[in-house]
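Please prepare a short report on the structure shown below. Plain headings will do.

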Amino acid sequence: ERVDQNGRVWYAYGGDYGDSPNDGNFNCNGMIGPNRKPHPIMVEFKKCVQPVDFSSTNPQSGIVFVHNRRYFTTLADLEGMWQLMVGGFVVSKGSFVLPQTLPQCSAAIALSDVTNEIAKLPLGTFGSNEVHLDLVAIKKDAGAWHDKGHEVSREQISLSLPVKAVLLPIFNDAMVSSWLKTFSASKLGQNEIVVKTEKLEASFNTMAGGLAQLKASEDGQTYLHRGPRPNLFRAGTDNDGVKLWTGQLETKPLGLWLLSGLDHTHLVGASVKEERADLFGANNCLVVTTTADIIGSPGGKEYPGVAIADSLKKRTDLPCQIEVGKWTQRVAPLPDGSIYFENQIDVDSSLKDLPRVGIEFEVPKTLDTSYFFADGPVENYRDRCYSAYAGAYKEKISERLDEYVMPQEQGNRMNLRWLLLSSDNDDESNVAGPIKQTGSLASLLGQKRGVLIIPDNGIEFTVSRFSDAQLFAARHTNDLDPSPDTIFVRLDAAQRGLGSGSCGPQTRKEYQVNGGAYRI
């Protein structure tokens with residue numbers, strides 16, 4: 001452990017001691033960090049080896065099966081806890097007695113309290129909400145290695161069919177007629193289109209393409225510093241490629257991404273035009289449509305001291321540009337003050353095993369807290385999500401990243417139902433946890449002001465004070481300085497799994513992302 005001149009803690013690895021040759025951070029990237037903080041993979045491992053399993057073939061009946069995975073002891077040292085969640089929020093909870101099940105045996109129990117609470121739910125709850133039952137086994141008493149109440153096992157059981165977490169709006173004629181009276185669209189100069197409604201002011205750059213800025217009409221506050229753009233790169237994990245090693249350009253996914261210029265893409269031939277379309281019952285809505293080619297520039301960015309990137313710069317056979325794909329964005333203000341985004345990204349079919357296909361945009365740094373209904377609370381990816389549970393969570397967006405010794409991709413969550421970016425002045429930690437202040441999204445929106453994002457399918461997302469380029473360029477956590485005025489929001493139609501490629505098999509084919517058509 002070391003401390004820099006600004007008091008920031010960082011951890012040394014191969015090469016930081018004047019040693020050569022060295023393996024960089026290769027032996028400093030295990031399941032537990034040098035500060036003894038478990039990495040997210042440790043949470044996944046805990047789930048895989050948990051001593052108690054819960055299951056149910058008819059969960060609404062309250063009948064649950066308990067399986068003791070231990071080989072030598074019963075479950076006498078444990079007790080059960082349950083919580084019922086509607087729309088990701090906890091609506092009721094309680095405890096239950098675990099049977100003293102023999103090792104490697106199962107038993108059925110009836111949770112009458114759960115069935116009673118289910119019966120109290122309003123009519124129509126199961127048709128319009130996701131309903132989940134969480135079952136937990138905890139330690140009854142403190143012990144040599146654990147506190148009283150320490151969680152040893154958890155299972156989540158879905159009680160409903162998948163439904164929309166938030167219903168999309170439907171507008172009537174009267175609402176649309178009133179809204180149109182406040183609506184205006186104008187072209188300012190040669191490069192800017194401005195669309196104004198009673199609640200929004202959206203600016204589009206006809207040269208760069210797409211939405212440039214979004215403001216609230218009533219107070220002029222900016223909510224988008226930079227509109228959505230295609231995003232196809234991630235700051236490689238150690239499994240994608242050890243970035244302080246050379247000789248990986250042709251053999252590791254990270255090297256192939258750099259050779260394709262995915263870390264430095266730009267839009268070419270942008271075309272911005274105004275169209276009309278019917279959306280959610282509102283007829284003849286103005287839609288601003290942008291189309292552009294996505295071009296990659298291999299070696300177009302400098303990453304001093306990052307060996308794999310340095311080796312790329314030494315190549316003399318690199319093409320100046322590579323055609324990556326095409327991007328179409330449709331943006332339409334709606335009568336309720338919301339704005340509709342549609343991003344279609346068509347990636348060249350020749351590109352295989354990509355890091356991600358998604359969009360990135362920027363919001364003000366004052367929106368420093370994320371509230372979300374997704375799989376969590378820990379980060380999760382398509383091949384490491386066994387320990388992730390659907391729920392409504394809150395997380396302070398940290399100015400320091402210390403999850404990994406080597407800065408890299410982190411913080412992804414899958415199956416996003418909604419995301420609210422707002423400000424919060426409390427002193428809670430940066431660790432994600434359940435939302436406690438309220439019991440529904442409607443109640444939360446009554447308390448908070450900010451940006452609410454509602455996807456039409458279960459996309460993946462990351463919120464960070466750092467761009468992927470910043471993370472990739474950094475060799476230590478204290479190299480990272482957060483953007484002075486921006487928070488980065490990344491929404492992915494798909495992101496590559498993590499695999500075990502630092503010293504094992506690469507990501508399995510079913511968890512890879514290949515060229516094709518993607519929509520957000």
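## Basis

This is a predicted model, in which local features need pLDDT of at least 70 and side-chain atom pairs count only at pLDDT 80 or more, while totals for chains, interfaces and linings use all residues. Residues are numbered from 1 along each chain as its sequence is written, and side-chain values use heavy atoms, with hydrogens and water left out.

## Overall chain

The protein chain has eight helices and 29 strands; these are DSSP runs numbered from the N terminus (helices H or I, at least four residues; strands E, at least two). A compact globule of 520 residues would have a radius of gyration near 24 Å, and the 25 Å of the protein chain agrees with this. That radius is taken over C-alpha atoms, and the globule rule is 2.2 Å times the number of residues to the power 0.38. Along the principal axes, the C-alpha atoms fill a box of roughly 75 × 70 × 45 Å.

Buried residues make up 51% of the 520 residues, where buried means under 20% relative accessible area, exposed over 50%, and partly exposed in between (1.4 Å probe, protein chains only). The chain exposes about 23,800 Å², of which carbon and sulfur atoms supply 51%; areas come from the Shrake-Rupley method with a 1.4 Å probe, and for residues only the protein chains shown count as cover. Of the contacts (heavy atoms within 4.5 Å) with a separation of 6 or more, 69% are between residues 24 or more positions apart.

## A three-stranded sheet

Three strands form an open sheet in the order E3-E4-E7, with antiparallel pairing; two strands pair if DSSP finds at least two bridges between them. Strands E3 (52–55) and E7 (106–110) stand at the edges with a single partner strand each, so one side of each has no neighbour in the sheet. From one strand to the next, the twist averages 25°, with axes as lines fitted to C-alpha atoms (for helices over the stretch in contact) and angles from 0 to 180 degrees between N-to-C directions.

Strand E4 (residues 63–68) is joined to E3 by four bridges. Ser-55 stands opposite Phe-65 in E4.

## Nonpolar cores

A nonpolar core is a set of buried Ala, Val, Leu, Ile, Met, Phe, Trp, Tyr and Cys residues joined through side-chain atoms within 4.5 Å. The largest has 70 residues, and those with the most contacts inside it are Leu-419, Leu-421, Phe-472 and Leu-491. Leaving out residues up to four places away in sequence, the residues that Leu-421 touches include Val-363, Leu-367, Ile-397, Val-451 and Val-489. A second, separate core of 23 residues includes Val-52, Leu-133, Leu-135 and Ile-157.

## Gly-391

Gly-391 is found in strand E22 (residues 389–396) and is buried, at 2% relative accessible area. Beyond four places in sequence, Gly-391 touches Gly-88, Phe-372, Phe-373 and Ala-374. Val-86 is 305 residues from Gly-391 in sequence, with 8.9 Å between their C-alpha atoms.

## Backbone details

Most peptide bonds are trans, and most residues other than glycine have a negative phi. A cis bond joins Ser-20 and Pro-21, with omega about 0°; Pro-21 lies in the loop between strand E2 (9–10) and helix H1 (40–48). The bond from Gly-376 to Pro-377 is also cis, with omega near 0°, and Pro-377 is in the loop between strand E21 (369–376) and E22.

Gln-104 has a positive phi, near 60°, and lies in the loop between strand E6 (89–96) and E7. Its relative accessible area of 39% makes Gln-104 partly exposed. Asn-415 has a positive phi of about 55° and lies in strand E23 (residues 413–416); Asn-415 is partly exposed at 31% relative accessibility.
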